[in-house]
Amino acid sequence: GGALAFRDVHFHYPSRPDQAVLAGVDFEVAPGQRIALVGPSGAGKSTVFSLILGYYRPEQGQVLFDGRDAASLDLHALRKGIAVVPQEVMLFGGTILENIEYGKPGASRQEIIEAAKQANAHAFIEEREQGYETVVGPRGVKLSGGQRQRIAIARAILADPRVLLLDEATSALDAESERLVNEALERLMVGRTSLVIAHRLSTVRTADRILVLNQGKLVEQGSHDELMAHG
Ligand code: ADP
Ligand code: ADP
């Protein structure tokens with residue numbers, strides 16, 4: 001078995017019993033593999049993440065971690081092994097360093113700074129009074145989308161998860177910001193199992209495998225070359 005697998009997963013949201021959001025989804029991710037999840041809006045990509053995180057349970061089929069049914073695992077322990085980098089990074093009202101520390105409560109300042117460096121978030125923290133006085137939020141500093149993503153990546157690096165769920169930003173970053181984010185993501189993904197809702201062609205190209213979801217069904221899966229060969 002893989003690090004993570006869906007076995008014939010069926011799901012609908014409780015509020016909409018007549019709408020099958022996932023209709024028999026099967027896939028397996030080997031440890032350390034990098035998977036790109038693609039498909040149109042409404043296909044069920046975010047729902048796949050919600051089921052992995054245990055926010056909902058499948059009504060039929062199983063979500064498996066290391067071959068074990070997630071339903072039999074401790075949710076808290078399970079979530080500790082998973083880091084999420086969402087499309088829109090939410091920061092709370094605190095310093096940037098506190099926002100990064102959230103990935104590992106009680107981490108030392110040195111650990112937090114190291115994670116920030118790995119995530120290419122160090123330079124702008126230094127600029128802003130070493131992240132101490134810098135309060136994020138309505139009355140604090142405004143950060144760019146790319147900077148917010150790098151804070152989320154630093155948070156994930158600190159959390160040191162086995163599994164990474166990443167929803168790529170759809171809004172375009174400028175070239176330099178994209179380079180810094182990509183470099184940070186590379187460092188985060190090394191040696192981890194990752195599932196990425198991909199909005200960029202470069203992510204699809206570099207994935208070990210691509211899952212194409214449409215109307216709650218996996219309509220194709222394979223490497224970039226395999227999918228291109230099929231047209
Ligand atoms: P994607 O991430 O591929 O855009 P989603 O997983 O967000 O797709 O959504 C799949 C379907 O489930 C859509 O039809 C969406 O409207 C519906 N949906 C998503 N979240 C909810 C929810 N909390 N309650 C009811 N329906 C939802
Ligand atoms: P305000 O009311 O001053 O605009 P909010 O916190 O309500 O501040 O945020 C409004 C928008 O700005 C939201 O989209 C939020 O995600 C974003 N935002 C909030 N704080 C920051 C920040 N420090 N840097 C960048 N964007 C932020």
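Modeller: A cavity is a set of grid points where a 1.4 Å probe fits but cannot get out. Keep in mind that this is a predicted model.

Biologist: How much space lies in the second largest cavity?

Modeller: The whole structure was searched for cavities of 30 Å³ or more, and two were found. The volume is the space filled by probe spheres set on the points. For the second largest cavity that comes to about 30 Å³.

Biologist: Which element gives the largest share of the lining of the second largest cavity?

Modeller: The lining consists of Arg34, Ile35, Ala36, Met189, Val196, Thr203, Thr206 and Ala207. Both β3 (34-38) and α8 (201-206) supply at least two of the lining residues. The largest share is three residues, and it comes from β3.

Biologist: What is the volume of the largest cavity?

Modeller: Its lining includes Val85, Pro86, Gln149, Ile153 and Leu166. α6, β7 and α7 each supply at least two residues of that lining. By class, the lining has seven nonpolar, one polar and three charged residues. The volume of the largest cavity is about 50 Å³.

Biologist: Glu168 is among the residues lining the largest cavity. Is Glu168 buried or exposed?

Modeller: Glu168 sits in the loop between β7 (163-167) and α7 (175-189). Its relative accessible area is 4%. The cut-off for buried is under 20%, so Glu168 is buried.

Biologist: Which backbone nitrogen does the side chain of Glu168 reach at 2.8 Å?

Modeller: Two backbone nitrogens come into question. That of Arg200 lies 3.0 Å from a polar atom of the Glu168 side chain. The one at 2.8 Å belongs to His199.

Biologist: Leaving aside neighbours within four places in sequence, which residues are in contact with Glu168?

Modeller: Contact here means heavy atoms within 4.5 Å. His199 and Arg200 are among the partners.

Biologist: Now the largest pocket. Which element gives the most to its lining?

Modeller: The largest pocket has a volume of about 510 Å³. At least two lining residues come from each of α2 (75-80), β6 (82-85) and α6 (145-159). The top contribution is four residues, from α6.

Biologist: Which lining residues lie nearest the centre of the largest pocket?

Modeller: There are 18 residues in the lining. By class they are 13 nonpolar, two polar and three charged. Nearest the centre lie Arg79, Ile82, Ala83, Val84 and Tyr102.

Biologist: On to ligand 1. Which residue has a polar side-chain atom 2.5 Å from an oxygen atom of ligand 1?

Modeller: Of the 13 residues around ligand 1, Gln19, Gly42, Lys45, Ser46 and Thr47 come nearest. The side chain of Gln19 has an N or O atom 2.9 Å from a ligand oxygen. Ala43 places a backbone N or O atom 3.1 Å from a ligand oxygen. The polar side-chain atom at 2.5 Å belongs to Thr47.

Biologist: Asp8 has a positive phi although it is not a glycine. How does Asp8 count by relative accessibility?

Modeller: Asp8 lies in strand β1 (residues 4-11), and its phi is about 45°. Exposed would need over 50%, and buried under 20%. At 32%, Asp8 counts as partly exposed.

Biologist: Gln215 also has a positive phi without being a glycine. Is Gln215 buried or exposed?

Modeller: Its phi is about 45°. Gln215 is found in the loop between β9 (209-214) and β10 (217-222). Its relative accessible area is 68%. The cut-off for exposed is over 50%, so Gln215 is exposed.

Biologist: Last one. How far apart in space are Ala71 and Val190?

Modeller: Ala71 lies in the loop between β5 (68-69) and α2, and is partly exposed at 43% relative accessibility. In sequence, Ala71 and Val190 are 119 residues apart. In space, C-alpha to C-alpha, the separation is 28 Å.

Key:
Residues numbered from 1 in each chain as written. Chains lettered and ligands numbered in written order. Predicted model: local features only at pLDDT ≥ 70, side-chain atom pairs only at ≥ 80, totals over all residues. Heavy atoms only, no water. 1 Å grid on protein atoms, 1.4 Å probe; cavity = no way out; pocket = protein on both sides within 12 Å on 5 of 7 lines; lining within 4 Å. Nonpolar A, V, L, I, M, F, W, Y, C, P; charged D, E, K, R; others polar. Buried < 20%, exposed > 50% of the residue type's maximum accessible area, 1.4 Å probe, protein only. Polar contact = N/O pair within 3.5 Å; in protein donor to acceptor, adjacent residues only side chain to side chain. Near = heavy atom within 4 Å.
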